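Please look through the sequence and the model shown below, and then work through the questions and answers that follow.

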Amino acid sequence: MAGIFDRWTPPEGGEPLYTYSVITVDAAPATAWIHHRMPAVLNGEAAVRDWLEHGRVPLNKAVELIQPRECLTFHPVSTIVNNSRNKSAECVAPVVIGQEKPTASSKMMSAWLQKGKPAKQGGGTGRGREETAPHPPARVPADILAEEGSERRGGGRKISR
């Protein structure tokens, strides 16, 4: 992947600060349904060398190196990727959609959703009688949500090289 980096040392001394950014480009057609942007992937060892040797390669040639590429693969992963505290290999392990093991929190949420919640009648004034709201719609698979939405947020897919 293409990126930029810098090292800044405070004028009064102290620990240097290292910063970096991954450069993104418009998504390649194969991955555009997941997200409208993707990392700029350098195509081969020569491109990596040219990118890193910034003093030898003119800026306009370097910019030509950062194009959308059709070299990324993807597969469904567990929804545990939605919690940033999860760092295990399970975050990137392929899953079959609809066959995930329910977690304790997902069981609790499903039970709560199945109960329904009180809904007010009478224009929302709080003076009407309460009745149970209809059950929520069935869970929609993440693939369908990704196709309908303009941008995918919060994980659900692992992109790897």
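A residue is called buried under 20% relative accessible area, exposed over 50%, and partly exposed in between (1.4 Å probe, protein chains only). This is a predicted model, in which local features need pLDDT of at least 70, side-chain atom pairs count only at pLDDT 80 or more, and totals for chains, interfaces and linings use all residues. Residues are numbered from 1 along each chain as its sequence is written, and side-chain values use heavy atoms, with hydrogens and water left out.

Q: Is cysteine 91 buried or exposed?
A: The relative accessible area of cysteine 91 is 11%. Because buried means under 20%, cysteine 91 counts as buried.

Q: Which residue forms an aromatic pair with tryptophan 33?
A: Rings of Phe, Tyr and Trp (its six-membered ring) pair if their centres lie within 6.5 Å, and planes under 30 degrees apart count as stacked, over 60 as edge-to-face and the rest as tilted. The structure holds one aromatic pair. In this pair the centres are 5.6 Å apart and the planes stand at 70°, which is edge-to-face, and the partner of tryptophan 33 is phenylalanine 74.

Q: How many residues apart are tryptophan 33 and phenylalanine 74?
A: Tryptophan 33 sits in the loop between strand E3 (24–26) and strand E4 (37–39), whereas phenylalanine 74 belongs to strand E5 (residues 73–76). Strands (E, at least two residues) and helices (H or I, at least four) are DSSP runs, numbered from the N terminus. The pair therefore links distant parts of the chain, and its separation in residues is 41.

Q: Which residue forms a salt bridge with arginine 37?
A: A salt bridge is a side-chain nitrogen of Lys or Arg within 4 Å of a carboxyl oxygen of Asp or Glu. For arginine 37 the closest N and O atoms are 3.0 Å apart, and the partner is aspartate 26.

Q: Which helix holds the lysine 61 that pairs with aspartate 50?
A: Aspartate 50 forms a salt bridge with lysine 61, with the closest N and O atoms 3.5 Å apart. Since aspartate 50 lies in helix H1 (residues 45–52), the pair ties together parts that are 11 residues apart in sequence, and lysine 61 lies in helix H2.
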